[in-house]
Amino acid sequence: GKEHYAVLRAKEYIHQFYTKNISIHQLAKVANLSPYHFIRVFKKTVGIPPHTYLNQVRVYHAKKLLSKKVSIIDAAFDTGFVDQSHLTKNFKRIMGFTPGQYSNMIQD
């Protein structure tokens, strides 16, 4: 039960601070677990590692911004990605298409 609650706290932290550079040590501290144990528990509970979860949250928010016609570069920076190529790589891996393709789809 304690571990489940720790993962929930970490997920809440990710959703609140997804634009920041969040480290495993920060998340482990929020969860009150050692970094190694936190990663294992998070992956077991959520099904993916914390960093992958963070990128999914960022892509979700970038997708919302793109649907509001925000430029790809602004969406990248506003969601915590280092640059446009970092967003594009993660967006394509998660969504199956690039942010540019998504923008074109929603405009058509």
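Trainee: Which exposed residues does the face of α2 turned away from its buried side carry?

Mentor: Bear in mind that this is a predicted model: local features need pLDDT of at least 70, side-chain atom pairs count only at pLDDT 80 or more, and totals for chains, interfaces and linings use all residues. Residues are numbered from 1 along each chain as its sequence is written, and side-chain values use heavy atoms, leaving out hydrogens and water. Exposed is over 50% relative accessible area, buried under 20%, and partly exposed in between (1.4 Å probe, protein chains only). On the face of α2 turned away from the buried side, the exposed residues are His25 and Lys29.

Trainee: And which residues of α2 are buried?

Mentor: Helix α2 covers residues 24–31; helices here are DSSP runs (H or I, at least four residues) and strands are E runs of at least two, numbered from the N terminus. The buried ones are Leu27, Ala28 and Ala31.

Trainee: Why do the buried residues of α2 line one face of the helix?

Mentor: Look down the axis of α2 and take the directions from the helix axis to the C-beta atoms, which define the arc. The buried residues of α2 line one face because they fall within an arc of 100 degrees.

Trainee: What do those buried residues of α2 pack against?

Mentor: Contact means heavy atoms within 4.5 Å. The packing partners of the buried α2 residues are α1 (2–17), α3 (35–46) and α4 (50–67).

Trainee: Are α2 and α3 roughly parallel or roughly perpendicular?

Mentor: Their axes are 9 Å apart and the packing angle is about 80 degrees, with axes being lines fitted to C-alpha atoms, for helices over the stretch in contact, and angles running from 0 to 180 degrees between N-to-C directions. By the cut-offs, under 35 degrees is roughly parallel, over 145 roughly antiparallel, 65 to 115 roughly perpendicular and the rest oblique. So α2 and α3 are roughly perpendicular.

Trainee: By class, what residues does the contact of α2 with α3 have?

Mentor: From α2 come Ile24, His25, Leu27, Ala28 and Ala31, meeting Pro35, Phe38 and Ile39 in α3. Ala, Val, Leu, Ile, Met, Phe, Trp, Tyr, Cys and Pro count as nonpolar, Asp, Glu, Lys and Arg as charged, and the others, Gly among them, as polar. That contact of α2 with α3 has 7 nonpolar, 1 polar and no charged residues.

Trainee: At what angle do α1 and α3 pack?

Mentor: Residues that meet here are Glu3, His4, Val7, Ala10, Lys11 and Ile14 in α1, and His37, Phe38, Val41, Phe42, Thr45 and Val46 in α3. By class, this contact of α1 with α3 has 7 nonpolar, 3 polar and 2 charged residues. The pair of α1 and α3 is roughly perpendicular. Their axes are 10 Å apart, and the angle is about 90 degrees.

Trainee: At what relative accessibility does Lys69 count as exposed?

Mentor: Lys69 belongs to the loop between α4 and α5. Lys69 is a residue other than glycine with a positive phi, near 70 degrees. It counts as exposed because its relative accessibility is 62%.

Trainee: Is Thr79 buried or exposed?

Mentor: Thr79 sits in the loop between α5 (72–78) and α6 (84–95). Leaving aside neighbours within four places in sequence, Thr79 is in contact with Tyr18, Thr19, Arg58, His61, Ala62 and Leu65. With a relative accessible area of 0%, Thr79 is buried.

Trainee: The backbone oxygen of which residue does the side chain of Thr79 reach at 2.6 Å?

Mentor: A polar contact is a pair of N or O atoms within 3.5 Å; within protein, one must be able to donate a hydrogen and the other to accept it, and residues adjacent in sequence count only if both atoms are side-chain atoms. At 3.3 Å, the Thr79 side chain reaches the backbone oxygen of Ala76. At 2.6 Å, the backbone oxygen it reaches is that of Ala75.

Trainee: Last one: how many helices are there in the protein?

Mentor: The elements run α-α-α-α-α-α-α from the N terminus on. Of the 108 residues, 33% count as buried. There are 0 strands, and the number of helices is 7.
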